[in-house]
Amino acid sequence: QVQLVESGGGSVQAGGSLRLSCAVTGDIYDTYGMGWFRQAPGKEREAVATIYTTIGTTYYDDSVRGRFTISLDDATNTLYLQMSSLKPEDTAMYYCAASSTRDILFFPLKTDNYNYWGQGTQVTVSS
């Protein structure tokens, strides 16, 4: 069992940067992977970036590749999302998630494969 608490959201102008943090309570090695997801008003929740807990392999949605970086600090049990060159279309509620199911080894960006979720942190990018 893990619990996730996000922080670091806020408002920024286009082109700016933000770093999101996700504090993990529990053993991150009880999970196969973790990730960041986002949901804009009227849209479905979508994967942004994911990382395998043990080997550190990362996956990114095409819309953020090259601009966002996901990382995991297992010394502090914290998941990060460094976001740069932000665009208005990045505006959304951002969620931290973790998976204890092997399904993410085959589909790391599939939202349904994540069974632990934080409450979310809002990111707003103005033009």
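**Bonds, strands and rings**

Reader: Which hand does the disulfide of C22 and C96 have?
Author: The torsion about the S-S bond of C22 and C96 is about -75°. A disulfide here is a pair of cysteine sulfur atoms within 2.5 Å, and this pair has S to S at 2.1 Å. Going by that torsion, the disulfide is left-handed.

Reader: Before we go on, what kind of model is this?
Author: It's a predicted model, in which local features need pLDDT of at least 70, side-chain atom pairs count only at pLDDT 80 or more, and totals for chains, interfaces and linings use all residues. Residues are numbered from 1 along each chain as its sequence is written, and side-chain values use heavy atoms, with hydrogens and water left out.

Reader: How far apart in sequence are the parts that C22 and C96 tie together?
Author: Strands are DSSP runs (E, at least two residues), numbered from the N terminus. C22 lies in strand β3 (residues 18-25) and C96 in strand β9 (residues 92-99).

Reader: Is C22 buried or exposed?
Author: Buried means under 20% relative accessible area, exposed over 50%, and partly exposed in between (1.4 Å probe, protein chains only). C96 is at 0% relative accessibility and counts as buried. C22 also has a relative accessible area of 0%, so the word for C22 is buried.

Reader: What residue in β3 is the bridge partner of V5?
Author: β1 and β3 pair in the antiparallel sense over five bridges. For V5, the bridge partner in β3 is A23.

Reader: Which residue in the turn between β7 and β8 has a positive phi?
Author: β7 runs antiparallel to strand β8 (residues 78-83), joined by six bridges, and D73 stands opposite T78 in β8. The two strands form a hairpin with four residues between them. The turn residue with a positive phi, about 55°, is N77.

Reader: Why is the pair of F37 and Y114 edge-to-face?
Author: Rings of Phe, Tyr and Trp (its six-membered ring) pair if their centres lie within 6.5 Å; planes under 30 degrees apart count as stacked, over 60 as edge-to-face and the rest as tilted. The structure holds four aromatic pairs. In this one the centres are 4.9 Å apart, and the pair is edge-to-face because the planes are at 65°.

Reader: Y52 and Y59 form an aromatic pair too, but how exposed is Y59?
Author: Their rings are edge-to-face, 5.4 Å centre to centre with 65° between the planes. Y52 counts as buried at 8% relative accessibility. Y59 is at 28%, so Y59 counts as partly exposed.

Terms used. Two strands pair if DSSP finds at least two bridges between them.
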